[in-house]
Amino acid sequence: MEKKRIEKVMMGGMEITYEEREDGMLYPVTLEEWAAPLSEMSKYGRMRARYIEKYNPKLKEEMVANLTWWNHLMETDEEAKAMEERLIEQMKEREGVDEHLKRTDWMEYVRRLQNIIYTAQEIVMNELIYS
C-alpha cells in the first residue's frame, strides 16, 4: 500500500492537517475523521492511546507522521481482546469455574469469574498497554 502524504500548515495560529486522498488531492482532516477509529476500539485501544500520549508524546508524533498511529492502536486493541479471552478461558479451566459450579453455587461462580476477569484484565494492561 502506498503511503499517504500528510502536510501540516499553520493558519492564524492554528495547525491544520491535510492528507492526500485517492484522487491525489490534499484535503483537511476533520476532527470527526481523526477520532472515528477511536470510537471503534474497546477500552484497551483507548487506554494505549492515553498512555502513549501521556508518557511518550514523541512516539505518538512519530507514529502520526508515519501514518501508523491508528494501525498501532487497532492492532493493540485486537491483540489485547484476544489475550483477555484466552486468559479467561485458561484460568476458568485451571480453577474449575465451569457449568457445574454455576448450577450448584452460582454466587461462588460469579465471585470466581469476576476475580478471573479482573486478573486477566490486569495481565493484559501490564503486558500490552503499559509497555
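**Entry 1: aromatic pairs**

Two rings of Phe, Tyr or Trp count as a pair if their centres lie within 6.5 Å. I noted before starting that this is a predicted model. I then searched the whole structure on that rule and got three aromatic pairs.

I looked at Tyr51 and Tyr55. Their rings form a tilted pair, with 5.1 Å from centre to centre and 45 degrees between the planes. I checked where the two residues sit: both are in helix H2, which covers residues 43-55, and they are four residues apart, about one turn of the helix. In an α-helix there are 3.6 residues a turn, so residues three or four places apart point the same way.

I looked up how open each ring residue is. Tyr51 is partly exposed, because its relative accessibility is 25%. Tyr55 has a relative accessible area of 54%, so Tyr55 counts as exposed.

Tyr51 has another partner. With Tyr130 it makes a tilted pair, 5.4 Å centre to centre and 55 degrees between the planes. I wrote down Tyr51, Tyr55 and Tyr130 as a cluster linked by ring pairs.

**Entry 2: helix H2**

I went on to the helix itself. H2 has 13 residues and spans 18 Å from its first C-alpha to its last, close to the 18 Å expected at 1.5 Å a residue.

Which residues of H2 are buried? I listed Tyr44, Gly45, Met47, Arg48, Ala49 and Ile52. I then asked what covers the buried residues of H2. The cover includes helix H3 (57-65), H4 and H6.

**Entry 3: H2 against H3**

I took H3 from that list. The axes of H2 and H3 come within 5 Å and cross at roughly 115 degrees. On the H2 side, the residues that meet H3 are Ile52, Glu53, Lys54 and Tyr55. On the H3 side they are Pro57, Leu59 and Lys60. I sorted the residues of this contact by type and got four nonpolar, three charged and no polar.

**Entry 4: Gly45**

Is Gly45 buried or exposed? Gly45, which is in helix H2, has a relative accessible area of 0%, so it is buried. Leaving out residues up to four places away in sequence, I found that Gly45 touches Leu73 and Asp77. I also checked Met74: its C-alpha atom is 6.3 Å from that of Gly45, and the two are 29 residues apart along the chain.

**Entry 5: Thr76**

I ended with Thr76, which lies in helix H4 (residues 69-95). Thr76 counts as buried because its relative accessibility is 8%, and the cut-off for buried is under 20%. A polar atom of the Thr76 side chain lies 2.8 Å from the backbone oxygen of His72. Not counting residues up to four places away in sequence, Thr76 touches Arg48, Leu128 and Ile129. Arg48 was already in my notes as one of the buried residues of H2.

Note on methods
Residues are numbered from 1 along each chain as its sequence is written. This is a predicted model: local features need pLDDT of at least 70, side-chain atom pairs count only at pLDDT 80 or more; totals for chains, interfaces and linings use all residues. Side-chain values use heavy atoms; hydrogens and water are left out. Rings of Phe, Tyr and Trp (its six-membered ring) pair if their centres lie within 6.5 Å; planes under 30 degrees apart count as stacked, over 60 as edge-to-face and the rest as tilted. Buried means under 20% relative accessible area, exposed over 50%, partly exposed in between (1.4 Å probe, protein chains only). A polar contact is a pair of N or O atoms within 3.5 Å; within protein, one must be able to donate a hydrogen and the other to accept it, and residues adjacent in sequence count only if both atoms are side-chain atoms. Contact means heavy atoms within 4.5 Å. The expected span of a helix is 1.5 Å times one less than its number of residues. Axes are lines fitted to C-alpha atoms, for helices over the stretch in contact, and angles run from 0 to 180 degrees between N-to-C directions. Ala, Val, Leu, Ile, Met, Phe, Trp, Tyr, Cys and Pro count as nonpolar, Asp, Glu, Lys and Arg as charged, and the others, Gly among them, as polar.
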